[in-house]
Amino acid sequence: MSVHKKSREELKLMREAGNIVALVHQEMKRIIEPGISTKDLDEAAFKIIKANKAVPTFLGYHGFPASICASLNHEVVHGIPNEKCILKEGDIISIDVGATYRGLVGDGAWTYPVGNISDECKMLLETTEKALMAAIAVMKDNVLLDDVSGAVEDVANSKGLGIVRQYGGHGVGREMHEEPFVFNYRVGNKFVIKNGMTIAIEPMLNLGGDDVHTLEDDWTVVTNDGRPSAHFEHTIHVTDGDAEILTKLL
């Protein structure tokens, strides 16, 4: 497995890319409300990324047609923004954003409530975010990657949530997807994370079962049982001490 540690200059650029991702999420939080379309959200994200002299990483990636992934309710990941997809009260919407700044990538996702949501969905969002932060808390030099995965699994199991098995986190930086792949459950992986690695951690948890499938558009992943799913992600820099979150406002 070839894993790229990042130089000081690359980390500086990744902080800039991460800041742009965070600026997009700041705007998403502000404008997400009943009546807005996912296409409107995509256009807002595109403007912010371009205004900050970056490139939307997702746009054109393997043919993906938008700057963000917008996944609604039972959609897990890779939802395609659409002017006909109008948010309504009680929905949850997962927004995944990638920004490439001078060749380095920041990648971050968040799931937002649309107006007032059910207590069940509130628990789903709170637990998935908690799983992300629990994983980040164990990330440091010389830790087993499987312990990071296990932190997500333990939080998910504490609330009886389904864990998406086919998708997970990944190395990130010079490319959007680098080694290592990060499962959201224990697999017995003996890979040891090291200072200087940059990894996107992204729990995807479901109110129902684990199983998902891809729709005929070849992108949108949905839960098999039609129950809601949440997705939270930060790009992380591994250090000797506490992990550094790169996808945050500078």
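Residues are numbered from 1 along each chain as its sequence is written, and side-chain values use heavy atoms, with hydrogens and water left out. Because the model is predicted, local features need pLDDT of at least 70 and side-chain atom pairs count only at pLDDT 80 or more, while totals for chains, interfaces and linings use all residues.

Helices (H or I, at least four residues) and strands (E, at least two) are DSSP runs, numbered from the N terminus.

Two strands are taken to pair if DSSP finds at least two bridges between them. Strand β4 pairs in the antiparallel sense with β1 (residues 55-56) over two bridges, and V55 stands opposite T100. The pairing of β4 with β2 (residues 68-72) is also antiparallel and runs over five bridges; within it, D96 of β4 is the bridge partner of C69. Strand β5 (residues 104-113) runs antiparallel to β4 and is joined to it by 10 bridges, with L104 of β5 opposite Y101. Strands β4 and β5 form a hairpin with two residues between them. In that turn, R102 has a positive phi of about 50°.

A further group of strands, β6, β10 and β13, forms an open antiparallel sheet in the order β6-β10-β13. The edge strands are β6 (162-163) and β13 (229-231), each of which pairs on one side only. Strand β10 (residues 204-206) pairs with β13 over three bridges in the antiparallel sense, and N206 stands opposite S229 of β13.

The loop between β5 and α3 (119-138) contains V114. The relative accessible area of V114 is 0%, so V114 is buried. Contact here means heavy atoms within 4.5 Å. Leaving aside neighbours within four places in sequence, V114 is in contact with I32, E33, P34, L87, K88, E89, G90, D91 and I93. Of these residues, L87 is 27 residues from V114 in sequence and 7.1 Å away in space, C-alpha to C-alpha.

Helix α2 (residues 38-51) includes T38, which counts as buried because its relative accessibility is 1%. Not counting residues up to four places away in sequence, T38 touches A70, I80, P81, N82, C85, L87 and I93. A polar atom of the T38 side chain lies 2.9 Å from the backbone nitrogen of N82.

A disulfide is defined as a pair of cysteine sulfur atoms within 2.5 Å. By this rule the count comes to zero disulfides. The closest cysteine sulfur to that of C69 is in C85, at 13 Å, so the two are too far apart for a bond. C85 is likewise in no disulfide, its nearest cysteine sulfur being that of C69. C69 is buried, with a relative accessible area of 5%, whereas C85 is partly exposed at 22%.

Methods:
Buried means under 20% relative accessible area, exposed over 50%, partly exposed in between (1.4 Å probe, protein chains only). A polar contact is a pair of N or O atoms within 3.5 Å; within protein, one must be able to donate a hydrogen and the other to accept it, and residues adjacent in sequence count only if both atoms are side-chain atoms.
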